[in-house]
Every structure is written in C-alpha cells, then in structure tokens.
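Dear colleague,

Please find below the structure that I am handing over to you.

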Amino acid sequence: MTGASALALVLALLLVAIAAWTVATRRTFAAVEGFVAYGLLLSIAWVALSAIDVALTEAAIGSGLTGVLLIGAAARLRTSEAALSAERAGVPLRWLAAIASSVVAGAIAIGVLSLPDPTPTLAPAVAEHLPSIGLGNAVTAVLLAYRGIDTLLESIVVVFALIGVWSLAPDPLWGGYPGPRQQADPNGILAYLARVLPPIGVVVGLYIFWVGADFPGGKFQGATILAAMWLLAMMAGLADAPPISRTWLRILLVAGPLLFIAIGFAGALIAGAVLAYPEGYAKLLIKVIEAALVPTLTLTLALLVAGAPERTVR
Amino acid sequence: MSVFLDVFTVAAVSAGAFFFLAGSIGLLRFPDTLSRLHALTKADNLGLGLVVLGLLPRASGLLAALKLVVVWLLVLIASAMVSQMVARVARRGGSPS
C-alpha cells in the first residue's frame, strides 16, 4: 500500500467515525464539536485530493463559520437541553427515522457507485478555454464565467439569510445593534489577540481574495477571514457591529450582488448573453465583481454570526 | 549535502511527530483540564515547530520557507491565547470538558 492510499484510508475511516459520533452523541455542544472536527478533517481530505479551493472553502465556511453559528445556537439551546434529552421518541418513530436515513444513504451510495468509469468530466474543456478568460485558476473560471448564475444566486442567498436572522428581532429593537455588547478585560488576553491578529488577518484575507484569479483562493474564503477578524475585535469589546438601520451598511450589503446583476445584464447587450463577458474583458470584469462582493460577503458573514438586533439605538 | 538534508528532515519531522503523539496521549490520559492543556501545547509549539524546521530545507524558495515559519508563529499565538482562555474558564470552575 502506498503512502497516499494509506493516508486516504485513515482519513476515510476517521471521517466516518466522527460523522457517526456526531450523529450518535446526545449532547448538542458535543455534536457541534464533532461537526467542526469533521469539517477540518474533510478539508484535509480535499487537500489530499488536490482540491485546494474546496479545502479552503470547507475550512473557512463549512467548518469555521458554520461551526461558530452552531456554537451560538447550542449556547441558546442550553436552557432547554435537559428537557430535550429527557424526551425520547417512540420506537416506531425511531425505526421510521432509521429506515428513512438508511434509504437516503443507500440511494446516494448506489448513485455514486454506479457512475461510469471514467467519470464524465468537463475539466479538459474548461482547461482548454482558460486562456481566453485570462484566469489561471480553473475553479474561479467555472464559478464566475461558466456557472456565473450559481455564484450570483449564492451571493444573494447569503444576504437573504442575513435578512432572515434580522427578522427574528422583536419590533421595538428593529434597526438596533446586533447581539449583546461584548465585555472583555481591556488588558486581557482576548483583547491582546484582537489587537495583534487583525493586521495579519486582513492582509491574509485580501491576499486570498486577490490570488483567487490564478491560484486557490477567492472572495468567499477571503471574506470569511476578514469577517473573522472583525468578529474577533467585536468579541474582545474593541469594536461594535453597526446598527442594522444604517444606510451605508444596507448599501454595502446589496452593492455586490447589484453590481453582479448589472454586469450580467450588460453582458446580454454587449456580449450576446446574460452573464457573458465581452472578449478580452473577462478577467477585469470578474475581478471587479469579486472586489464588489468582498465587502458584501464580509459584512454578511460577520453579521450572521453577530445575530439579531438586541439593543436599541440611543 | 542532500543526504544530510534528508537525514535532517526525517529526524526533525519524526521528532515533531513524536511530540504530537505524546501530546495526544497526554490529552487523553491526563486527569484535569490544566494538565491536558499542558500536554496539548507541547504538540502545537514543539511538535509543529520541529515539523516546520524539518520541512524548511524542502521549501521551494525563501518565500515558501518564510510562509512555513509564519504558519508556525500564527499557530503559536493562537494556541497560547486559546490555552489561556480555556485555563481561565477552568479555574473559575466552569467545566469545558
């Protein structure tokens, strides 16, 4: 057995074990911990498969950001945890759930195993046309040139998710500051970290966004790092989220998707199809769209974690 | 020359792996939160440091080598801070187990 296949085997076994443990554990917080560990292992698996872009996204969004959101949810559920675990579903219901999930897992397994070998792929076609777009990273080319509509809808969906979170606010607090005001020792270790790390993190986040055209990286991963730096400063009490009624905030939140839509429709007039780019300008337009999406995504992702408004504007 | 570098890489990475193993065993076997943290920081600080040291001769250039060192330094900062915060919660009597 070669080293690579031994690593793949160990990773696969660990992934299945952590997934099973995450499902089986009764405590909410432990399940969240399992989920985060699962995501980090999964990103190692993506690296082993040479899918660095997917690995970065999995680590930043799948494991990091979703993990933070789930930890927040678990903390809110803590008060009802005892009642929840005392409650036990009846035997027929549990059998029904077991059968339903086995059928779904089995169907997916059959689907994956019955794929023709070699798997049909568009990768050679993408690689062939990469020079005409001017990008070096095939993943960015697929995301913004070939499947631009998916990426556009994705960037709108996260804004909708934020509106969904905000709409949990009670009426008197609408337009107020998201989440509780964090208090931390201004001379403590967290405040120190929140002063030392953001300058490095901001550079790394912008770098990952910028190299996305030619190397693994991109706006989503970069924006997650930027959002994490802002959240760190918020948690240390050094910064506060803006009230959700601020006009500049709302403009920035829709600016990225709106510019994407505008360029997409301009493509219909100039290049002959919605979301098509005119010859020779593809890379420029893609970078403009990504640059406009970075502030939108950073604000959206950070404010998703910050939560619904809990304090009024004075 | 390259044989020496290979031996150096193998020795340093193996030593790093040993510290990771020792740290993991300590994390599983030690009785309380503070000693477990103690075991864990050995893996982060020394283990990763030795792995990075061993990989330095293999880096494709000065920039790549610098990136490896920066990764180690960032992990050092993060693990030191997080250990402090976990230890503080543990001392206050909260159980982060």
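How many residues does the contact take from chain A and from chain B? Chain A gives five residues and chain B four, where two residues are in contact if their C-beta atoms, placed from the backbone, lie within 7 Å.

This is a predicted model, in which local features need pLDDT of at least 70 and side-chain atom pairs count only at pLDDT 80 or more, while totals for chains, interfaces and linings use all residues. Residues are numbered from 1 along each chain as its sequence is written, and chains are lettered from A and ligands numbered from 1 in the order in which they are written.

Helix α9 of chain A (residues 189–211) packs against helix α3 of chain B (residues 62–91) at an angle of about 160°, and their axes are 10 Å apart. The two helices are therefore roughly antiparallel to each other (angles over 145 degrees). On the α9(A) side, the contact is made by Ile189(A), Leu190(A), Leu193(A), Val196(A) and Leu197(A); α3(B) contributes Ile77(B), Met81(B), Gln84(B) and Met85(B). By class, this contact has eight nonpolar, one polar and no charged residues.

Turning to chain A, the domain assignment gives domain 1 (1–123) and domain 2 (135–314). Their centres, taken over C-alpha atoms, are separated by 26 Å. Eleven residues of domain 1 of chain A are in contact with twelve residues of domain 2 of chain A. The side of domain 1 that touches domain 2 has seven nonpolar, three polar and one charged residues.

Yours sincerely

How values were computed. Axes fitted to C-alpha atoms, helices over the stretch in contact; angles between N-to-C directions. Helix = DSSP H or I, 4+ residues; strand = E, 2+ residues; numbered from the N terminus. Parallel < 35°, antiparallel > 145°, perpendicular 65-115°, else oblique. Nonpolar A, V, L, I, M, F, W, Y, C, P; charged D, E, K, R; others polar. Domains from an automatic or database assignment.
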